[in-house]
Each structure stands twice: as C-alpha cells, then as structure tokens.
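Hi,

Here is the model I promised to send over.

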Amino acid sequence: MPQPFFRVERLTKRFGGLTAVNSVSFELKREQIVGLIGPNGAGKTTLLRLITKILRPDSGSIVFNGEDISALRPWEVVERGIAGTFQNTRPFRHLPIVANVMVPLVAPRARRSGEWVKRIEAKAMDALEFVGISDMALEPASALSQGDLKRLEVARAIATEPELLLLDEPLGGLNPAESELLAKSIRRLHKGGRFGRLHSEGPAVLMIEHKLKELMAIVDRVIVIDYGELIADGPPAEVVKNPKVIEAYLGSSHEALGGSEHAAA
Amino acid sequence: MPLLEVKDLSVRYDKAQILNGVSLAVGDGEFVGLVGPNGAGKSTLLRAISGLVRFEERMKRGTAGDIVLEGEVRFAGERIDALAAHEIRMRGLVHCPERRRPFRELTVLENLLAGAFLSTNRNETQRRLEHCFALFPRLSERKAQIAGTLSGGEQQMLATARALMFEAKLLVIDEPSLGLAPRIRQELFAAIRKIHDDGVPVLLVEQEVGQVFKMADRNYVLSQGRIMAEGTAKSLMADETLRAGYLGL
C-alpha cells in the first residue's frame, strides 16, 4: 500500500481538563490545498502546533513522507520540510524585516547548497517580494502593521521551501483586496515554480482562515473541527451546506462567505 | 462642539512619517468608521488618541529612534494629547487595541474584573459583568479558565468585553473581528451596534469595510497617513477611484 504524503492519526491533546484536540485523523495529499475551519476555540491552532511540534500530543501519531515525526523537535520538523506560520506574530522587533526572514534561512535545509551566506539575503528579499513587502526590507519589524506582520510570517515560512506549508490565519489584518491578492499568491506558490531565487516545489497547504470568501476561492478541500473533533471534511461547496457546519460555525452562510462586503451601500 | 476632535495630528517614528496632518471628529451619539489600506496609519491614529503613542515615547519602546507627536486632540472640550493613557481612560475614552492580549496567567473572570479596576461601584461592575457574559456566552462558559489557554478568537472576545467593564463615553475599537469565526463575528458586530444603540459613541477601525459601512453614520478614509475622504458609505462607494484604490471593494 502506498504511504500517504501526510497523515495524522487519532491525535489528542489535553490542557488540564480541556480536550483541545480529540482523536483527530486525516490525510493530506501532496497536490492538495486544504482549508481548516471551525469556531473560535475549536482546536485549529492547537492542531497546527501539534504538527509543527510546538506542542506535544498526548496520544496519536503524525506521519510525513513515510516517517513518524511525532517525537521530533520543532527545528527537526522544519528540516523535514514542514513550515508553519504563527497566528500571533512575534518577529524580532528590532531587527530589519529582511533579517527576520534570514533567520529561518540559517537552517541546514535552506543552506544545503554552497555559498549560502551570500545567497540567503537575496533569497530572503525574494520571499519578501513574493508577499509584497520587499520595499520595507530594511526597516525594523516594529514598523510593520498587523497585516504586514502576517505577510512577514508567510515570507519566513516559505523561505525554507517547505513541502507542507501550514498557515494560521495569514489574511488577518488585510482588507478585502489585499486578502485576495495574498490568497492568490498562496495559490501560485502551491502550483510551484520559481519566484526569483525562491524555488517552490508546490507544497501541500493546510490553512486556517476565517475569511471564507478568499479561502474558498483557493482550496480544493475543507476540514472542519468543533470542540476538538472533526465534524466535516470535503469539497468547499458541500461543506458550506452541511447543517452541522452552519450551526457550529457559519451562522448565516451568505454573510460568512462575504456576501455582505459587496451588499453595503 | 464634537465629543472627540483631532486637529492636524502628525506622528513620526524615527524617519517614518506615519500620520501627516490628520483631522477628524466624532460627535455625541455618533458611530464613525475609519477605513483604509493595511499600513495606512489607522492603528497609530487610535493609539495617538488614547495616549499609547505618548506612552511609547516615554518608554522608548518598540523603536530605536525618536517618536514625535504634534497636533491637538480634544475630548469633551479638554486637550488630552499631553495626558497619560490612564488619565485618558479615566475621562471615559476607552481604547480596545488591535490584537490586545489578556493577562495570560489570570482567569477570564479576573481579566474582566481588571477592566473595572477604576470602578468604585460593585453593583455597577456586577451588572456590566453580566452584560459581557450575555454578549459573549463562551466567556461565561470559560470564566474560570486561564486566559493564556484561550484560543486567539476567544482572547479577542475577552479584550472586547474587558473594554466594556468600566464606563465608556467613547468606545474606540481597533479591528475587533481579527481572528473571529464568521458566526462570532456577526454576534460581535451586533454587540457593538447594541452598545452604540445604548448611547455610547463609537469610533471603529475594521478591515471588514462592508461591515463598517453597514453600521457607521459617517466614515473617514485614511491612506499613507492622510485623510483622503470623509462621508457616508453611500457617497464613498459612489466614488470609483476611492472604492478600488483605497477601500479594496
């Protein structure tokens, strides 16, 4: 039987008496771009942090490219080709923006080819160019607005040229047009190709995002969790019609899907 | 005389001119929206109004260079641009900043009570607490939970609720919908609308421009530190350049 590209199996995480992730299982295929949605507090971010090993699961396993990565440390996970962004951005505030992207590039994965010292700055610049903030590269990260901090997060993750990209609300703080632009960039990255010195092999993407209009436009599949459990998994058009998803998450689905943005005035 | 009046306000962080001669007013009972592209200076404007830029200037935090704030901010007729943030809060101007973090080691309930720190009226605090729990039932479910273990969206709810725990003459909110699930977002906006209907003027910054336009009486469009336009949703949406270039709609 062929090994799946990525699989989590009966993953469980408890915080004291609260079960944040409850026996969640799913697979991802390399060619997929998948949305992860659910109410606030459902366990989405916890699930991502279990995969990147910022948190350790209480039970369950995570298999990536045929290897059980459950016991690895965060930097070892990056080394295998998984990169994630953080919901609450914590850049090195006093360092120039470009230096913030150069930090992950010091990882062995990113400097496996020669002359890395010369290359990482150029590569960092190309990652910033890709997310659209290269014009601010030399300013300290403290100068960035909330939306640009999110873009910096994405730049830091894609700089390591991952095979699996985990994004935690990358569109937060961006207005509708800016959100659409970044969403399209993520889709382009997923398709693969060269972006300056940045080479994308077309990573699988698992993306938490509440801006459903932009999310649904780029994903092929949506996973929904509520109270730590998987409640739906399927194509976007089916998932938004699922009564459980509407009840737990969407409320009035028309509004959630961005109908209101254009209905104003 | 408007309740809040900002005149020719400029803010510079080292070499970066974030705000450039901004003037704006919020009248009694008004609901005013402030929109514009990411990085326009919206959050800085709110921070300048509530005294947080002054605080940063004093703490020399967050930047290696100088912070310069010029211009006037008046609240209820009084100059407040030289006051400390807590003095501005005591006058009833409440700022709920973007991505506001709770006290991570305290419970949800303790965080809310911290918002009523200045209150001397226990009955009033109790009434406001119940009001917050009615607005955000999830916070009520989790009142004994340590705030640091809340999800991002829940922390945002807690921050918004905490701002309501002490008398507000003007509520200044920075992107309350950030990180909130659609259903909760709808509830939150309904809650903000209700707060305004109960008589509290609101100055709202929000990326969900459509949502702002549904609620606000009047709006300002900020871009690159300058006010580009001012008016009702209808008049702003009628301007095609504005709509595509600054509103992102």
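A crossing of two helices counts as right-handed if the near helix is turned clockwise from the far one by less than a right angle, and as left-handed if anticlockwise. With that in hand, α3(A) and α5(A) cross in the right-handed sense. Bear in mind that this is a predicted model.

On the geometry of that pair: the axes of α3 (residues 97-105) and α5 in chain A come within 8 Å, at a crossing angle of roughly 35 degrees. From α3(A), the residues involved are A:Ile97, A:Asn100, A:Val101 and A:Pro104, and they meet A:Leu152, A:Ala155 and A:Arg156 of α5(A). By type, that contact has five nonpolar residues, one polar and one charged.

Now the interface. Chain A puts 38 residues in contact with 38 residues of chain B. On the chain A side, α5 (146-158), α6 (176-191), α9 (243-250), α10 (253-256) and α11 (259-263) each supply at least two residues. The most come from α11(A), which gives four. Sorted by type, the chain A side holds 14 nonpolar, 18 polar and six charged residues.

Buried residues are 49% of the chain B total. Of the chain B contacts with a separation of 6 or more, 68% join residues 24 or more positions apart.

Cheers

Terms used
Residues numbered from 1 in each chain as written. Chains lettered and ligands numbered in written order. Predicted model: local features only at pLDDT ≥ 70, side-chain atom pairs only at ≥ 80, totals over all residues. Buried ≥ 20, exposed ≤ 12 C-beta atoms within 10 Å, placed from the backbone. Contact = placed C-beta atoms within 7 Å. Nonpolar A, V, L, I, M, F, W, Y, C, P; charged D, E, K, R; others polar. Axes fitted to C-alpha atoms, helices over the stretch in contact; angles between N-to-C directions.
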